[in-house]
Amino acid sequence: MIEAMGSGVALADFDRDGLLDIFFVAGGETPHGKSVVPPRNALYRNLGQGKFEDVTTKAGLDRLPFYGMGVAAADYDNDGFPDIYITGYPSSALFHNNRDGTFTDVTASAGVANSGRWGAGAAWLDYDGDGRLDLFVANYAKFAFDGPQHCSYEGQPTYCAQTEYEGEPPRLYHNNGDGTFTDVTATAGLSKMVGRALGVVAIDIDGDGWMDLFVARDASPNLLLINKHDGTFEDAGMRAEVALNMDGDARAGMGVDAADVTGNGWPALVVTNFNDERHALFVHPGHFPFEERTAPSGLAALTKSFVGWGTRFLDYDNDGYLDLVIVNGHINQVIERTRRDVSYREPPLLAHNDGHGIFQNASPLAGPVFQKTFRARGLAVGDWNNDGRPDVVFTCLNDSPVLLQNTATGGSWIGLQLEGTRSNRDAIGAKVILTAGRRKLVRWVSGGGSYLSSHDKRLLFGLGPDPPPALNAEIHWPSGRTQTVTQLLPGRYQTIVEPR
């Protein structure tokens, strides 16, 4: 089963030269599935001008002693350089950035191995507001390479249904500030949250200034973990009506993201699911419950035949409205024997937002890659060439990854890189309200998101074709401080440091 799940990708500026680098997790081997060449992760340093250099071996990130799956990149020790957490089975690993192009495996000393678990998605967040990033790990299922599950179709081995595997609770590690973490899963009330978890995004869902978590789960009810401000979380998934579909059934949730897609200032949720289930959109009306707009938004019609994985809200044409990119690919190699409308290899989807949360298929105009089919899995979004247009990279099962450069023509833009002082250095948890003339655009620096992957932490705002000469931003830092910055100039990235 683990062979079918794929792996993730991270976009982060690991050497702090102003250019996004790329890290790919390369899976691994099983006892009966050995590779001709041992599996090897890949770290590519961005050299600019569209060129990358493989620096994996020098960085010390090429080999893993476990089957690698997900990646979460963030600066957990606030030294200014992003570190890497890699999930997998039967353990996970934390690599500290040494600030010289190398990384050190500090898993044992940090205490974040997640031993014996099948770790999938992961998210960095400061759940207790102490200015340090804590770590949430979404665990998938109880698993063993010599397990009893054996499934086939017409005599040919196939991957078993996910319901053949019992779920696991997630793990939450508290950052102690001295390079070590404490497992606080039980005290946070998460031990009872058993299910098959995959994607996770950390964001302030209810607007109280504290980081919450939304977890996409596979044939298990999704979780909406609301921060209670005392080190514990409450699952509000049922109350918010984001746990199940409208028939009361759990879907096969895999990828997830959160952003304001209607302009109401609240984060909507997207979840990628299995074919026939449709990829789901939940819109936040400012109070619970959410409104499921999977069908009215157009996503139901666009995604009925797809098995979705990585996803991200992004404004690809810089018109100020957040669009949506999703990568797809089936897990059943013999699906075409039983279905004419469902394929093993599937195309990615680019969906354009009209500004009101209604999405139309933009794939036909998005370039040749969107006309091809893939066994896609992890996806990350970030502006790797710093031209103000969000780019895309995604991984493929048993195939090369795909790096896309956004060449769309459209509106102007402004990029903000937030740097926390009292808050965590990455400013994960910050909310920014950008005033551009009569328009107010709301964005969050979220943790996690997509499927097994990690995005560019910079905030990119599309401004449309006629931006005002100057912009104002209201920044709500994770520390609780509010800062107003005026006279921001469009067409460039600008760093904003939290007042000390």
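The model is predicted: local features require pLDDT of at least 70, side-chain atom pairs count only at pLDDT 80 or more, and totals for chains, interfaces and linings use all residues. Residues are numbered from 1 along each chain as its sequence is written, and side-chain values use heavy atoms, with hydrogens and water left out.

**Stop 1**

Select residues 223-227, which form strand β17. Strands here are DSSP runs (E, at least two residues), as helices are (H or I, at least four), and they are numbered from the N terminus. Five of the five residues of β17 are buried, so the strand is largely enclosed by the rest of the structure. Buried means under 20% relative accessible area, exposed means over 50%, and partly exposed lies in between (1.4 Å probe, protein chains only). Both faces are covered: one side carries the buried residues Leu-223, Leu-225 and Asn-227, and the other carries Leu-224 and Ile-226, also buried.

Two strands are said to pair if DSSP finds at least two bridges between them. Phe-214 stands opposite Leu-224 in β17. The two strands β16 and β17 form a hairpin with five residues between them, and Ala-219 in the turn has a positive phi of about 55°.

Next, select residues 233-235, strand β18, which runs antiparallel to β17 and is joined to β17 by three bridges. Here Asn-227 has Phe-233 as its bridge partner. A hairpin is formed by β17 and β18 too, with five residues between them; His-229 in its turn has a positive phi of about 70°.

**Stop 2: aromatic rings and charges**

Rings of Phe, Tyr and Trp (its six-membered ring) pair if their centres lie within 6.5 Å; planes under 30 degrees apart count as stacked, over 60 as edge-to-face and the rest as tilted. Tyr-127 lies in the loop between β9 (119-125) and β10 (134-139) and Phe-233 in strand β18, so the pair ties together parts that are 106 residues apart in sequence. Both Tyr-127 and Phe-233 are buried.

The whole structure holds 18 aromatic pairs. For a cluster linked by ring pairs, select Tyr-89, Trp-118, Tyr-140, Phe-143, Phe-145 and Tyr-165.

Then select Arg-458 and Tyr-493: the charged end of Arg-458 sits over the ring of Tyr-493, 4.2 Å from its centre. This description applies if NZ of Lys or CZ of Arg is within 6 Å of the ring centre and within 35 degrees of the ring normal. A further example is Arg-16, which lies over the face of Phe-81 at 5.9 Å from the ring centre.

**Stop 3: the four-stranded sheet and Asn-353**

Select the open sheet of four strands, whose order is β23-β24-β25-β26 with antiparallel pairing. At its edges stand β23 (308-314) and β26 (359-361), each with a single partner strand, so one side of each is left without a neighbour in the sheet. From one strand to the next, the twist averages 25°.

Within the sheet, β25 (residues 349-353) pairs with β26 over three antiparallel bridges. Asn-353 in β25 has Phe-359 in β26 as its bridge partner. Is Asn-353 buried or exposed? Asn-353 is buried, with a relative accessible area of 0%. A polar atom of its side chain lies 2.8 Å from the backbone nitrogen of Gly-355. Beyond residues up to four places away in sequence, Asn-353 touches several residues, including Val-261, Asp-319 and Tyr-321; contact means heavy atoms within 4.5 Å.

**Stop 4: His-455**

Finally, select His-455, in the loop between β33 (447-448) and β34 (459-464). His-455 is buried, at 4% relative accessible area. The side chain of His-455 reaches the backbone nitrogen of Val-381 at 3.0 Å. Leaving aside neighbours within four places in sequence, the residues in contact with His-455 include Leu-11, Thr-311, Arg-312 and Gly-448.

Technical notes. Axes are lines fitted to C-alpha atoms, for helices over the stretch in contact, and angles run from 0 to 180 degrees between N-to-C directions. A polar contact is a pair of N or O atoms within 3.5 Å; within protein, one must be able to donate a hydrogen and the other to accept it, and residues adjacent in sequence count only if both atoms are side-chain atoms.
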